[in-house]
Amino acid sequence: MEILGTSLRVCVDDLDAAVGVYERLTGERAVRSRRGGVSVAAVGAFLLMSGDEAELELLRKVTATIAVKDVDEAHRTLTEVGAHILAGPLPTPGRNLLALHPDGTIFEYVDGGVPGAR
């Protein structure tokens, strides 16, 4: 499985205020999207999320977003090492899956061409 990069996940109360801070820190412009009741802004290596508290509760359990070359290959490799696939692969902008690693951590794996997943 080829890992292309990672994004750090940060849940915030005020997305607009946080975007300004992270744009200044990284020198990059935010790429915004929405998924269900959650607004998302990818800024450099950061994935900022704000919105529905019930949805954020689940998102807080995901340690990081990992961009991979091939989500299907990631699925096979994760299964081989004993990870439990919680969801996916699912269509998003690109495709993603959620995996519970044998050590108990949860990671999101996404197609590498998705903004904010580096």
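Two strands count as paired if DSSP finds at least two bridges between them. By that rule, β1 pairs with strand β5 (residues 62-68) in this predicted model. Five bridges join them, and the two run antiparallel. Within this pairing, L8 stands opposite A64 of β5.

β1 also pairs with β4. Here the sense is parallel, and there are four bridges. R9 takes part, with L47 in β4 as its bridge partner.

Next comes helix α1, residues 15-26. Its twelve residues reach 16 Å from the first C-alpha to the last. That is close to the 16 Å expected at 1.5 Å a residue. Its buried residues are L15, A18, V19, Y22 and E23. They cover an arc of only 135° around the axis, so they lie on the same side of α1. With 3.6 residues a turn, residues three or four places apart point the same way.

What covers this buried side? The cover of the buried α1 residues includes β1 (3-11), β2 (31-35), β3 (38-43) and β4 (46-51). The face turned away from the buried side carries the exposed residues R24 and L25.

Now look at the ends of the helix. D14 caps the N-terminal end of α1. One of its side-chain oxygens lies 3.2 Å from the backbone nitrogen of D16. After α1 comes G27, with a positive phi near 75°.

Move on to H101. This residue sits in the loop between β7 (94-100) and β8 (106-111). Is H101 buried or exposed? Its relative accessibility is 17%, and the cut-off for buried is under 20%, so H101 counts as buried. Leaving aside residues up to four places away in sequence, H101 touches L78, A83, F107 and Y109. With Y109 there is also a polar contact: the two side chains are joined at 2.8 Å.

Finally, consider confidence. The mean pLDDT of the protein is 89, and 95% of the residues reach 70 or more. Among the elements, α1 has the highest mean pLDDT, at 96. Helix α2 (residues 53-59) has the lowest, at 87. Residues 114-118 fall below 50. Even so, this stretch has 18 contacts in the model beyond near neighbours in sequence.

Key. Residues are numbered from 1 along each chain as its sequence is written. This is a predicted model: local features need pLDDT of at least 70, side-chain atom pairs count only at pLDDT 80 or more; totals for chains, interfaces and linings use all residues. Side-chain values use heavy atoms; hydrogens and water are left out. The expected span of a helix is 1.5 Å times one less than its number of residues. Buried means under 20% relative accessible area, exposed over 50%, partly exposed in between (1.4 Å probe, protein chains only). The arc is that of the directions from the helix axis to the C-beta atoms. Contact means heavy atoms within 4.5 Å. A polar contact is a pair of N or O atoms within 3.5 Å; within protein, one must be able to donate a hydrogen and the other to accept it, and residues adjacent in sequence count only if both atoms are side-chain atoms. pLDDT is the predictor's confidence in each residue, from 0 to 100.
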